Amino acid sequence: MMINKRLINTVPESKKHIAGNVAAQWISLVGNIIIIFTIGRILEALRMNSLTIQQGVTTACIFAACVAVRFCCARAASRESYLASKSVKKTLRELIYRKLLRLGSSYTEKAATAEVVQASVEGVEQLETYFGSYLPQFFYSMLSPVTLFIVLSFVSMKAAVVLLLCVPLIPVSIIAVQKFAKKLLAKYWGQYTKMGDSFLENLQGLTTLKVYQADEYKHQEMNKEAEQFRKITMKVLTMQLNSITVMDLIAYGGAALGVIFSVLEFKAGNVGFTGCFAIIMLAADFFLPLRALGSFFHVAMNGMAASDRIFALLDLPEDEEKEAHIGKEKVIDIEGLSFSYEADRAVLRNIHMSFPENSFTAIVGESGCGKSTIASLVMGMRSGYEGSIRIGGREITEISEADIMQNITLISMGSYIFKGTVRDNLLIGRPDADEKSMWRALKKVNLADFIKSAGGLEMGISERGSNLSGGQCQRLALARALLHDSPVYIFDEATSNIDVESENDIMEVLIKLARTKTVILISHRLANVVMADKIYVMSEGRIAETGRHETLAAKDGLYARLWKTQSELENYGGKEGQYA
Ligand SMILES: Nc1ncnc2c1ncn2[C@@H]1O[C@H](COP(=O)(O)OP(=O)(O)OP(=O)(O)O)[C@@H](O)[C@H]1O
């Protein structure tokens, strides 16, 4: 179909602007018809040498009035076109944004970031022409030939019928290419998003690529993709150009036919001079609106292909609205929990864990045993598990995401530090935090002195905190988390890859925090979990052992083995360490 009903109904307020645009163009057409007939009559009078001053003045007045009306209509049409496209952009971007919010923090499970960016930026931009130009032109190009036919049928029925019969050839040619164009454009968009995806990925991993000198390889790969994109773009352009050439032939051929007929009728004495002049001047107007529709059509098709992608995004399945709130007691209970990312590879098997209020619990185990998976399940970031995860007596799947985020703060290895100032980053934790509490949080993480010397809360922070050290970044992230002031904190390898001083600072804060909050610490470094009230030792998705450090270290189990290996490694070279 040449009209996408769902798209129009998605932005209902655009309808009135489209109607306004069509009305303005139609009034302008009527003005044009009046101008042509007035000029025709003047020329006829001149030909007959019968022009009177009064006729000249009246004609000049009508001419000026029509020109003024046409000028106003042109302005009104372009304004309505602007308003239609503005409402489209606003509505669609809002819809996409709200959809992402409803999809929640795990939206990347369902849609790639590059795809979302392209749909909401480029895709929506493409629809500007669809609503601003194509749709009004679609209706106007039907109204215009009918109007002209009615007017010219009074002059010469024959010529009017010939012109009207040629008009449908243009939409026929458009429909003929439509199927082919749709397939081609779907391919074009597919190629475009693929290229966008790899571009984003390579840009994000550029440092790593440079380190391994693999940038040249990726460069070649991207070149190949760009070349494929160039080829498909050229195909699209060739298709559009060919289709426009066909439409031009029909439009100007049809107009020429109309002109020939009118001249023949004039010669035969069936049409007067003014009538003949009007047909010659208006013949092209039969076709030009459809011809313009044809060229907008190709841009609009691009927009429609983009809209398919936008709707695919908007149609992504959502979890139903969750209303339940976490109970007063923030105890977390996990019973018989099993989970897998892929069908035949269990990551967690029959896990039982309990995290009492204001306790310090640690989860340890070798890399890949499923520790972080537990954290993301408790945060409600993943669904589709077996067993139960209850917070305050409520199953996590029933609790709203906002409520979970308000009650649990996750601090992971690569906490994101935003470009801006220290203040901006801290306010993310608590938007209404005052300066005093910000400094208190910075002091707790031992960052206050440094921030003071570097310009205070207004200190500029680069993207991803690149002007801070890894330890400083993590301490700032911790200060932000402390401001968030939630009853539960999960630290997932929050002290990995940072200096010993920062690690010690963070551990000190964490231990103090556990007196008033529920703290879960996921760590591969056992020296950090010595103080925990309870330690869960995991192995291959199961709980291998449970207990306090002293008990576990005394046993001849997995924990004791890990402890021994780590103490040997960290005390290597005779350094006094925490394991001594
Ligand atoms: N998004 C994912 N899709 C598929 N498999 C995943 C995904 N994330 C993790 N896994 C798999 O699940 C298993 C457990 O991963 P998880 O990150 O929970 O381990 P971990 O104990 O936290 O490891 P580490 O200490 O190295 O962080 C791993 O085998 C991993 O390959």
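Colleague: What makes residues of helix H12 (residues 422-429) count as buried?

Modeller: The cut-off is 20 or more other C-beta atoms within 10 Å of the residue's own, with C-beta atoms placed from the backbone; 12 or fewer makes a residue exposed, and anything in between partly exposed. In H12, Val 422, Asn 425, Leu 426 and Gly 429 are buried. The model is a predicted one, where local features need pLDDT of at least 70 and side-chain atom pairs count only at pLDDT 80 or more, while totals for chains, interfaces and linings use all residues. Residue numbers run from 1 along each chain as its sequence is written.

Colleague: Why are the buried residues of H12 said to line one face of the helix?

Modeller: Seen down the axis of H12, they fall within an arc of 95 degrees, so they line one face. The arc is taken from the directions from the helix axis to the C-beta atoms. Those buried residues pack against strand S7 (420-421), helix H13 (435-444), helix H14 (448-453), strand S8 (460-461) and H15.

Colleague: What makes the largest nonpolar core a core?

Modeller: The term means a set of buried Ala, Val, Leu, Ile, Met, Phe, Trp, Tyr and Cys residues joined through C-beta atoms within 7 Å. The largest such set has 70 residues, and Val 378, Leu 478, Ala 479, Ile 490 and Leu 521 have the most contacts inside it. Helix H15 (residues 470-484) supplies the largest share of this core, eight residues. A second, separate core has 57 residues, including Val 124, Val 155, Leu 163 and Met 247.

Colleague: Which residues is Ala 479 in contact with, leaving aside its neighbours within four places in sequence?

Modeller: Contact requires C-beta atoms, placed from the backbone, within 7 Å. Leu 426, Ala 441, Leu 442, Lys 444, Val 445 and Leu 447 are in contact with Ala 479.

Colleague: What makes S1 and S2 a pair?

Modeller: Pairing needs at least two bridges found by DSSP. Strand S1 (residues 332-342) and strand S2 (residues 345-355) are joined by seven bridges and run antiparallel, therefore they pair. Ile 334 has Met 353 in S2 as its bridge partner. S1 and S2 form a hairpin, with two residues between them. S1 is also joined to strand S4 (residues 386-391) by five bridges, again antiparallel, and Asp 333 stands opposite Arg 390 in S4.

Colleague: Why is strand S6 (residues 408-412) called mostly covered?

Modeller: Four of the five residues of S6 are buried. S6 runs parallel to strand S9 (residues 488-492), joined by five bridges, with Ser 412 opposite Asp 492 in S9.

Colleague: How many residues of each class are in the shell around the ligand?

Modeller: Three are nonpolar, seven polar and two charged. Ala, Val, Leu, Ile, Met, Phe, Trp, Tyr, Cys and Pro count as nonpolar, Asp, Glu, Lys and Arg as charged, and the others, Gly among them, as polar. Helix H10 (residues 371-378) gives the most to the shell, three residues.

Notes:
Two residues are in contact if their C-beta atoms, placed from the backbone, lie within 7 Å.
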